[in-house]
Amino acid sequence: MTSACLTDAQLARLRDSAPGEAPAELAQHLATCERCQSRALFGAARPAGGKREAPKMPSLKRSLLLGALVGFLVELVLVGAAVMN
Ligand SMILES: [Zn+2]
């Protein structure tokens, strides 16, 4: 098990991976870690000068997106685990 949070590079790798090709360890961590989920959604490094509307509360749209992402990742992990066993 990985206990440390994902790096920016790992998050980018997850997002760029095709379904089924994402590293299972990374996907598994993301599926269980709220912090990394929001980082994956909103970006880890926020541009310093480009601050516009930064809602504190996630909008409904983003909540749905997050739910879809997590569901997708959980499925990814399950499929990956099935393939490896
Ligand atoms: Zn994390």
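Predicted model: local features only at pLDDT ≥ 70, side-chain atom pairs only at ≥ 80, totals over all residues.

Me: Which residues in H1 meet which ones in H3?
Reply: Leu-11, Leu-14 and Arg-15 of H1 meet Cys-36, Arg-39 and Ala-40 of H3. Two residues are in contact if their C-beta atoms, placed from the backbone, lie within 7 Å. Helices are DSSP runs of H or I with at least four residues, numbered from the N terminus.

Me: And how do the residues of that contact divide?
Reply: Into 4 nonpolar, no polar and 2 charged. Here Ala, Val, Leu, Ile, Met, Phe, Trp, Tyr, Cys and Pro count as nonpolar, Asp, Glu, Lys and Arg as charged, and the others, Gly among them, as polar.

Me: At what angle do H1 and H3 pack?
Reply: About 70°, with their axes 10 Å apart. Axes are lines fitted to C-alpha atoms, for helices over the stretch in contact, and angles run from 0 to 180 degrees between N-to-C directions. H1 and H3 are therefore roughly perpendicular to each other, a label for angles of 65 to 115 degrees.

Me: What about H1 and H2, what's the angle there?
Reply: H1 and H2 pack at about 100°, and their axes are 10 Å apart. That makes H1 roughly perpendicular to H2 as well.

Me: Which residues meet there?
Reply: Gln-10, Arg-13 and Leu-14 from H1 meet Leu-26, Ala-27 and Leu-30 from H2. The residues of this contact divide into 4 nonpolar, 1 polar and 1 charged.

Me: Why is Gln-10 classed as partly exposed?
Reply: Because Gln-10 has 19 other C-beta atoms within 10 Å. A residue is buried with 20 or more, exposed with 12 or fewer, and partly exposed in between. Gln-10 and Leu-26 are 16 residues apart in sequence and 7.1 Å apart in space, C-alpha to C-alpha.

Me: New topic: how many residues are in the largest nonpolar core?
Reply: It has 12 residues, including Leu-11, Leu-14, Leu-26, Cys-36 and Leu-76.

Me: What is Leu-76 in contact with?
Reply: Leaving aside neighbours within four places in sequence, Leu-76 is in contact with Pro-19, Gly-20, Ala-22 and Ala-27.

Notes
Residues numbered from 1 in each chain as written. Core = buried A, V, L, I, M, F, W, Y, C linked by C-beta atoms within 7 Å. Helix = DSSP H or I, 4+ residues; strand = E, 2+ residues; numbered from the N terminus. Parallel < 35°, antiparallel > 145°, perpendicular 65-115°, else oblique.
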